[in-house]
Amino acid sequence: MVDALDEWAEAPLAPWRIAFGHHPYLSNGRHGDAGAYDGVFIDGLIGSGSALKDFFEEHVVGTFDVFLAGHDHNQQDLGEVDGTHLVVSGAGASVRELADRNRNPTFYQSEELGFTVIEADERRMRFIFYEVPPDDGAARPWVEVHRRQILR
């Protein structure tokens, strides 16, 4: 995977380089940041995500334009770190509360059911966050609650 990731970063097939993963690099949700997942701070311990933190910092953050993750069942627009925009979108089927809303600065965070749409062309990319209101019968319309655009 490391070889493929480095190759994709060096020779992208499209104007934007987007990496996807299950676990986030940063998160204000229950599981927390890589290297300290679930409050565990032991270097080298698999459950803490210390190896993932190293992997993200060596191959993703600062290399890809966007890193999109889930795992924490909420939505977060965490801005950018070293040129990599961080999005957590894990609230499609169930939600969990944000454990520490102030752990990392955000442009937006929500504990409501929802999803994120990413629109991109050669010059700009938009992150559009939607929330899905509680069940009102058959119709469950979604509502746009946050939008952020980045430009090349």
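Is Tyr108 buried or exposed in this structure? Before I answer, a word on what we are looking at: this is a predicted model, in which local features need pLDDT of at least 70 and side-chain atom pairs count only at pLDDT 80 or more, while totals for chains, interfaces and linings use all residues. Residues are numbered from 1 along each chain as its sequence is written, and side-chain values use heavy atoms, with hydrogens and water left out.

Tyr108 is buried, with a relative accessible area of 11%, where buried means under 20% relative accessible area, exposed over 50%, and partly exposed in between, with a 1.4 Å probe and protein chains only. Its partner in an aromatic pair is Phe129, and the two rings are tilted, at 5.2 Å centre to centre with 55 degrees between the planes. Rings of Phe, Tyr and Trp (its six-membered ring) pair if their centres lie within 6.5 Å, and planes under 30 degrees apart count as stacked, over 60 as edge-to-face and the rest as tilted. Because Tyr108 lies in strand E5 (residues 108–110) and Phe129 in strand E7 (residues 124–131), the pair ties together parts that are 21 residues apart in sequence. Strands here are DSSP runs of at least two residues and helices (H or I) of at least four, numbered from the N terminus. Phe129 is also buried, with a relative accessible area of 0%.

Strand E7 takes part in another pair, since its Tyr130 is joined with Phe115 of strand E6 (residues 114–120), 15 residues apart. Phe115 is partly exposed at 28% relative accessibility, whereas Tyr130 is buried at 15%.

Elsewhere, Tyr25, Phe55, Phe56 and Phe67 form one aromatic cluster, and among these residues Tyr25 and Phe67 also line the largest cavity. A cavity is a set of points, on a 1 Å grid over the protein atoms alone, where a 1.4 Å probe fits but cannot get out, and lining residues have an atom within 4 Å of a point. The volume, about 30 Å³ for the largest cavity, is the space filled by probe spheres set on the points, which are joined across faces, edges and corners. Strand E4 (84–89) and strand E2 (66–69) each give two or more residues to this lining, and E4 gives the most, with 3 residues.

Finally, I would point you to Ala34, in the loop between strand E1 (18–20) and helix H2 (50–59), which is buried at 6% relative accessibility.

Technical notes: On a 1 Å grid over the protein atoms alone, a cavity is a set of points where a 1.4 Å probe fits but cannot get out, and a pocket is an open set with protein on both sides within 12 Å along at least five of seven lines; lining residues have an atom within 4 Å of a point.
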